[in-house]
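Subject: Structure handover

Hello,

Here is the structure for your files. My notes on what was found in it follow below.

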Amino acid sequence: MGETERGGRAGVLETVALENSFLRVNLLPSLGGKIASIQLKPGGDELLQQPLLPYASRSQYMRFDASDASGWDECLPSVAACEMKTPSGIARIPDHGDFWQVEWQVVSKGKQSASLSADGFSLPLRFGKALQLEEDTLRISYSLENTGVRPVAYIWSTHPLFAVDAEDRILLPDSVKEVTVEGSAGNRLGLAGTKQSWPRATPNSGTSYDLSIVGKPDDGIGDKLFAAAPPEGWCAIERRRLGCRVEFQFDPRILTHLGLWI
């Protein structure tokens, strides 16, 4: 700890850095405990999307698209803004949840590991994560505690935004045959709830899209899709320019859905 990073109105940000022979990882505790950077060594190639807007202080109930829209955040207790009935009354859940907006506390820190925690404000939840570098793998373990006296319902999604180049590939197991549209710019893939085949979608006659191939930044594409979590428990991005594969591994018995923002 003790490193700093400058970013817009947030001024000097405390950065927690983890490093081994394969990876360098930077976290920003004051900005939602964000993983701001994952770099490959020795070249320093960046795997995560970098800020679209300058880093700045966050406030409760701000919209996610008003932030820097970069790195790796956590969505809890919901992904979408909503209201939820609780024994204590109506709880207002903000866009992308509480925890990307609040400051996280550094519980422990080593050269290759760190643990952080934070308290939510819309529901009585304490959320923690422990990060560990193991050669070319970043392993993250999560914990969640209800600090109230009554049961609490929640939805959690990890929310990494990866850097990609045109012609990179999104790789899913062969068991994924279909995705559901949550939203699609210009209704390219149809209205919310529309089913499309994976990887090749055919939203109308004469039009076909290979959803697994990354397009160019000026293509004007914005597709939010989800599918049942593949039983194989992985998904990946093939970074062709870097000659590497970035793979997520997860337990599909616990994480029931896989979301894609293309």
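The second largest pocket holds about 210 Å³ of space. A pocket here is an open set of points, on a 1 Å grid over the protein atoms alone, where a 1.4 Å probe fits and protein lies on both sides within 12 Å along at least five of seven lines; lining residues have an atom within 4 Å of a point. Grid points are joined across faces, edges and corners, and the volume is the space filled by probe spheres set on the points. The lining has 18 residues, and T86, P87, S88, P124 and V152 are the closest to the centre of the pocket. Two or more lining residues come from each of β7 (82-86) and β8 (89-93); strands (E, at least two residues) are DSSP runs numbered from the N terminus. By type, the lining splits into 10 nonpolar, six polar and two charged residues. In that count Ala, Val, Leu, Ile, Met, Phe, Trp, Tyr, Cys and Pro are nonpolar, Asp, Glu, Lys and Arg are charged, and the others, Gly among them, are polar.

On provenance: this is a predicted model, in which local features need pLDDT of at least 70 and side-chain atom pairs count only at pLDDT 80 or more, while totals for chains, interfaces and linings use all residues. Residues are numbered from 1 along each chain as its sequence is written, and side-chain values use heavy atoms, with hydrogens and water left out.

Next, the cores. The largest nonpolar core contains 48 residues, and I35, I38 and L138 have the most contacts inside it. Its biggest contributor is strand β11 (residues 125-134), with four residues. Another core lies apart from it and has five residues, among them L13, L28, L31 and A36. A nonpolar core is a set of buried Ala, Val, Leu, Ile, Met, Phe, Trp, Tyr and Cys residues joined through side-chain atoms within 4.5 Å; buried means under 20% relative accessible area, exposed over 50% and partly exposed in between (1.4 Å probe, protein chains only). Leaving out residues up to four places away in sequence, I38 touches L23, R24, V25, D45, E46, L47, L48, W72 and L138, where contact means heavy atoms within 4.5 Å.

β22 pairs with β19 (residues 223-228) in the antiparallel sense over five bridges; a pair needs at least two bridges found by DSSP.

E232 is in the loop between β19 and β20 (234-239). E232 counts as partly exposed because its relative accessibility is 40%. Again without residues up to four places away in sequence, E232 touches P173 and S175.

- The peptide bond from K41 to P42 is cis, with omega near 10°; P42 is in the loop between β4 (34-40) and β5 (45-46).
- L76 and P77 are also joined by a cis peptide bond, with omega about 10°, and P77 is in the loop between β6 (72-75) and β7.
- E167 is not a glycine, yet has a positive phi near 80°; E167 is in the loop between β13 (157-160) and β14 (169-171).
- N187, likewise not a glycine, has a positive phi of about 55°; N187 is partly exposed, at 45% relative accessible area.

Regards
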